Amino acid sequence: MFSLAFYAWEEPMWIYLMIFTAFFDYFMAILIERWRGDKKAKIVMLVTILVNLSLLIFYKYGGFLYDNLSAIGKLPFDRPKNSLPVGISFYTFMVISYIVDVYRGQLKAQRNPLNFLMFISLFQHLVAGPIVRYSQIGNQVDSRTIDWSKFSTGVSRFCLGLFKKIVIANVAGALVTKYLDAGFNDLSSVEAWFGITMFSIQLYFDFSGYSDMAIGLAKMFGFDFDENFRHPYAAQSVGDFYRRWHISLGKFFRDYVYIPMGGNRKSQLRNILVVWLLTGIWHGASWNFALWGLYFGCFMILEKLLEKFLAKIPRFLRHTYTLILIVFSRAIFYFVDFAQLKAFVGTLFYSKKSIGVGFSSDVYEHLFWFVLVLLFCIPWDEIYTSDSRVNNKVSYYYLRFKPAINIAMLFLATMLLVNSTYNPFLYTRF
Amino acid sequence: MANKINTTLFILFIVAMYIFYFLLPPQKISLEEKRKLAKYTPLSYKTYLNGLWAKGVDDYIDDHFPFRNNFIAMSEVFHASKGIQFKHQEKIFVGKRKKPVLENIEDTTHANINFKDDFDESYSGSLLILDGSVYPSGGGSPRMSKLFSAMLNEYAEKLKGKTRVLSAVAPLSSAFIPALKFRKYNTQNKETLLAIKNSLANGAIFCDVFNELDKHANEKMYFSTDHHWNAIGAYYAYVAFCRGAGFVPVDRNKMEKRIKYNFLGSLYQLTRDQSVKDNPDTLVYFVPNVTTTAVRYNPNNFNKPTKANVFSHNSTGGNTYLTFLGGDAPLIKITTSVKNGKKAVVIKNSMGNAFAVYLISHYEEVYVLDFRYSNHNLMDLIEKNGINDLIFSLGMYGAMSNGTINMMRRLATNNGVPKFEPSIVVDSNKVVTPLLDTLKTD
């Protein structure tokens with residue numbers, strides 16, 4: 001009920017769509033299970049996937065498809081005007097994985113419709129993922145335990161996520177707005193790289209911060225979600241990055257697209273390109289996202305072809321090469337308009353403009369914050385709470401001060417959240 | 001044990017915030033932000049379905065969060081601690097973008113003016129911070145000047161032979177940034193204002209405010225922490241006006257000099273920059289030796305006027321600029337002891353307040369009309385009162401937008417009906433009354 005209320009708060013209209021999806025898939029899964037081994041099960045599975053994907057395509061890609069099709073010829077209907085239901089990209093993939101797993105016999109269909117509705121609508125992951133699979137939390141949907149340790153772990157994770165989102169991602173976001181939104185034709189190359197680097201920071205800390213909050217909140221309520229990020233900017237290659245970034249999405253495409261298409265046994269290069277094209281499109285209804293996906297797909301293929309050569313390159317260089325490719329890819333991700341993207345890429349590599357007024361002050365005024373960003377790229381929790389470190393002195397104090405660190409992070413994030421509501425008027429109007 | 005402490009502290013923090021939220025008395029206004037705080041949005045089927053209720057509750061909680069002002073003040077410390085602050089560092093501040101800026105399309109036909117009334121109550125462009133002073137970047141656009149002049153020309157045509165039309169548009173403070181590298185803004189301001197002069201017709205008079213201020217560029221003519229000029233800048237504009245209108249300006253040394261200290265104005269509130277905070281303004285202003293009585297009218301008619309002041313000597317702190325005319329009002333009528341039978345109407349935005357107070361030395365009656373709030377019919381006002389001079393005194397940003405030019409043009413046909421219905425909706429559906437100024441430049 002709480003999850004539904006949470007969803008209805010943000011999305012009073014489309015809650016019905018989510019409830020429909022939940023009950024439709026609930027019944028279809030039971031049918032699939034009943035007819036397992038029969039052709040009817042396969043037909044029901046395909047129809048169910050088709051219905052779910054159709055809803056996703058209609059709501060998320062309707063306008064995009066209309067624009068592209070109408071460029072070819074006049075269409076007999078108007079452009080769809082519906083808004084994008086919150087979380088549809090996530091819960092559609094959740095139900096598809098559930099249906100396929102039930103069809104494969106890897107899962108038992110949930111018999112309690114309310115439990116299934118709870119799985120779909122869990123408020124923790126609804127807004128920004130991760131894509132939680134029923135196979136991970138099916139048992140916890142039926143019954144779960146909450147204890148001090150689990151709740152406390154959840155608290156720590158939630159505070160970390162909130163801090164990452166508010167204190168790092170939002171501050172980086174302000175710099176992104178400043179450098180990428182205010183006419184980059186006036187930017188120098190240095191400022192353009194600075195802006196896009198800030199966007200890389202914003203994107204990672206924003207998305208992983210949300211995932212941390214989701215994982216933390218889930219723990220507080222007795223659920224164990226899988227990790228969605230594993231220090232992606234520490235990656236040594238594009239392939240490595242793919243295994244560390246938005247892991248739940250990568251695993252979904254691996255298990256339900258890449259492997260069924262043949263994986264690395266049959267037409268691997270094609271499979272990689274298809275998966276990355278879909279990964280790109282999943283992020284948004286625009287061609288730049290498709291290009292972003294293909295960009296990664298191409299580098300994945302190149303790395304496969306040059307695997308032996310890359311292995312000989314020093315780690316530092318591999319890391320640098322990966323970071324440059326990732327940061328550059330953010331430009332494709334950021335600029336929806338291709339003309340803007342072209343101009344920006346041009347600016348990245350050549351600009352007649354000199355570094356503008358205020359750039360150095362932005363760097364100086366964020367120096368300590370840059371250090372903070374680097375510190376938060378280090379997995380302190382993994383290092384100092386692992387069993388092998390249990391007798392370590394630093395680990396001892398880290399665990400001792402953890403509650404204070406958490407409350408400090410929560411306080412700081414609250415402070416900045418409240419500050420974001422500051423809306424001064426130029427002149428007194430009471 | 002650590003787990004229990006961790007969990008307990010977290011829950012205590014959340015619960016404490018809830019308790020304080022319900023226990024602390026709700027505030028109605030925010031003095032720091034100079035605005036009313038959000039009111040609770042009533043729940044109905046319609047407001048629920050269209051999301052207004054949820055957004056309204058969000059806004060209400062945002063505005064009434066316990067210890068909100070303390071959190072905001074503390075966040076200043078955080079922002080100042082993110083890195084190293086140098087006093088003489090040049091900085092660029094980018095304001096929050098509230099709504100898409102309407103493109104100022106060049107429309108020379110004026111046959112069908114459909115531009116929206118266009119002034120935002122919050123600044124959304126970029127600002128330059130230099131040595132604790134804030135300046136807008138840019139200097140207007142000659143393209144837009146032509147549209148402003150066209151509107152003035154229409155008034156000059158209608159009033160030919162009866163009332164003089166004078167333009168006294170103020171440049172932006174960016175014109176006088178004390179650093180050579182920003183000289184380009186001086187040129188931009190000059191070109192924008194000269195374009196007004198070059199497009200005026202039908203006998204409309206151009207008062208060269210820019211040139212007069214430029215002669216005194218080494219003096220402090222604009223506030224460092226506020227988006228207005230100070231009394232000295234306004235005085236030089238008055239001198240330029242007198243030159244255009246054929247008057248002899250009163251020497252400001254012959255006026256009563258008054259001083260107010262520690263003014264942190266709108267641009268400090270906007271940027272909340274430490275170097276700006278450390279550089280508060282001092283207002284030195286001059287009161288002409290003229291006896292006056294003043295009344296203020298409501299936006300729609302002349303019923304029930306209330307007493308007004310030409311100078312509000314008690315306005316201090318963040319409201320120091322309200323010293324002039326007590327702030328913006330739809331229409332103020334000033335009757336002076338100068339019995340020469342001359343009457344003027346000043347069409348203005350807030351920049352005109354500091355200018356209009358000098359006119360009391362030259363007119364028996366001065367009507368100060370704020371084009372943003374007044375629904376009075378300007379042509380009726382001019383005819384019924386035998387107005388000699390119609391003076392447009394406003395900041396350049398007010399003259400540089402289709403929306404504001406349209407509002408000034410429509411004064412000629414106003415019929416006393418409110419323009420706004422009854423408020424506009426901006427960011428996050430926060431309902432605000434559109435009564436504030438803008439710094440928007442083209």
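Reply: Happy to. Of the 442 residues of chain B, 44% count as buried, where buried means that 20 or more other C-beta atoms, placed from the backbone, lie within 10 Å of the residue's own. Please keep in mind that this is a predicted model, in which local features need pLDDT of at least 70 and side-chain atom pairs count only at pLDDT 80 or more, while totals for chains, interfaces and linings use all residues. Residues are numbered from 1 along each chain as its sequence is written, and chains are lettered from A and ligands numbered from 1 in the order in which they are written.

Chain B holds 14 helices and 17 strands; these are DSSP runs numbered from the N terminus, with helices being H or I of at least four residues and strands E of at least two. Among contacts in chain B with a separation of 6 or more, 75% join residues 24 or more positions apart, a contact being two residues whose C-beta atoms, placed from the backbone, lie within 7 Å.

Now to the sheet. Eight strands of chain B make an open sheet with mixed pairing, in the order 7-6-15-13-14-12-10-11; two strands pair if DSSP finds at least two bridges between them. At the edges are strand 7 (205–206) and strand 11 (306–308) of chain B, each pairing on one side only. Strand 13 (residues 343–348) and strand 14 (residues 365–370) of chain B run parallel and are joined by six bridges. B:Ile347 has B:Leu369 of strand 14 of chain B standing opposite.

Turning to the partner, 56 residues of chain B are in contact with 44 residues of chain A. Several elements of chain B supply at least two residues each to the side that touches chain A, including helix 3 (52–63), helix 4 (68–80), strand 4 (126–130) and helix 9 (266–271). Helix 1 of chain B gives the largest share of that side, nine residues. By class, the side of chain B that touches chain A has 23 nonpolar, 18 polar and 15 charged residues. Here Ala, Val, Leu, Ile, Met, Phe, Trp, Tyr, Cys and Pro count as nonpolar, Asp, Glu, Lys and Arg as charged, and the others, Gly among them, as polar.

Technical notes
Buried ≥ 20, exposed ≤ 12 C-beta atoms within 10 Å, placed from the backbone.
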